[in-house]
Amino acid sequence: MANLPPSLAAGPSFGAPSPPPLPPPSGSSAAAPPAGGRDRKMVSAEQLVLDLCDPELRENALLELSKKREIFQDLAPLLWHSFGTVAALLQEIVSIYPSLSPPTLSPVASNRVCNALALLQCVASHPDTRIPFLNVAVVNN
């Protein structure tokens with residue numbers, strides 16, 4: 001995706017701490033026009049996507065992104081094209097398998113995996129990411 005910020009296109013190594021939040025665009029003022037709220041939301045979404053790759057910040061990022069996935073218009077392409085995010089979501093899903101037999105899945109772990117699944121569903125249902133997502137699923141089976 002050509003419009004991805006460089007910090008998301010080639011992010012930190014998996015599991016490394018997140019970089020500092022993205023700075024506001026140059027020339028922006030403290031009193032931004034109404035569209036500034038949308039820009040702020042996008043920067044927030046970008047930071048939360050970066051936080052998915054940090055195990056210490058992942059739980060909150062999963063929760064916030066899952067709750068707000070309807071208001072972040074381009075969340076699916078952002079998740080799909082950002083370094084390490086799909087791997088982090090898959091890691092969340094795989095991590096609960098030992099808790100399935102015998103059934104010892106905690107409510108916290110259940111919420112985390114449900115949020116990860118909701119974000120993958122977001123990727124699978126977006127018109128720009130649906131086909132690449134399905135192609136990966138078919139190739140790996």
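Trainee: In what order do the elements of the protein run from the N terminus on?

Mentor: They run α-α-α-α-α-α-α, with 7 helices and 0 strands. Helices (H or I, at least four residues) and strands (E, at least two) are DSSP runs, numbered from the N terminus. This is a predicted model, in which local features need pLDDT of at least 70 and side-chain atom pairs count only at pLDDT 80 or more, while totals for chains, interfaces and linings use all residues. Residues are numbered from 1 along each chain as its sequence is written, and side-chain values use heavy atoms, with hydrogens and water left out.

Trainee: How is the packing of helix 5 and helix 6 described?

Mentor: Two packed helices are described by the angle between their axes and the distance between the axes. Axes are lines fitted to C-alpha atoms, for helices over the stretch in contact, and angles run from 0 to 180 degrees between N-to-C directions. Here the axes of helix 5 (residues 85-95) and helix 6 (residues 107-125) come within 9 Å and cross at roughly 140°. Helix 5 is therefore oblique to helix 6; angles under 35 degrees count as roughly parallel, over 145 as roughly antiparallel, 65 to 115 as roughly perpendicular and the rest as oblique.

Trainee: Which residues of helix 5 and helix 6 make the contact?

Mentor: Contact means heavy atoms within 4.5 Å. Helix 5 contributes Leu-89, Leu-90, Glu-92 and Ile-93, and helix 6 contributes Arg-112, Val-113, Ala-116, Leu-117, Leu-119 and Leu-120.

Trainee: At what angle do helix 3 and helix 6 pack?

Mentor: Helix 3 (residues 58-67) packs on helix 6 at about 50°, with the axes 9 Å apart. That makes helix 3 oblique to helix 6. On the helix 3 side the contact includes Leu-62 and Leu-63, and on the helix 6 side it includes Arg-112, Ala-116 and Leu-119.

Trainee: Is the peptide bond from Ser-101 to Pro-102 cis or trans?

Mentor: Most peptide bonds are trans. The bond from Ser-101 to Pro-102 is cis, with omega near 0°. Pro-102 lies in the loop between helix 5 and helix 6.

Trainee: Is Thr-129 buried or exposed?

Mentor: Buried means under 20% relative accessible area, exposed over 50%, partly exposed in between (1.4 Å probe, protein chains only). Thr-129 is buried because its relative accessible area is 0%. Thr-129 sits in the loop between helix 6 and helix 7 (130-139). Leaving aside neighbours within four places in sequence, Thr-129 is in contact with Ala-76, Pro-77, Trp-80 and Val-123. Of the 141 residues of the protein, 36% count as buried.
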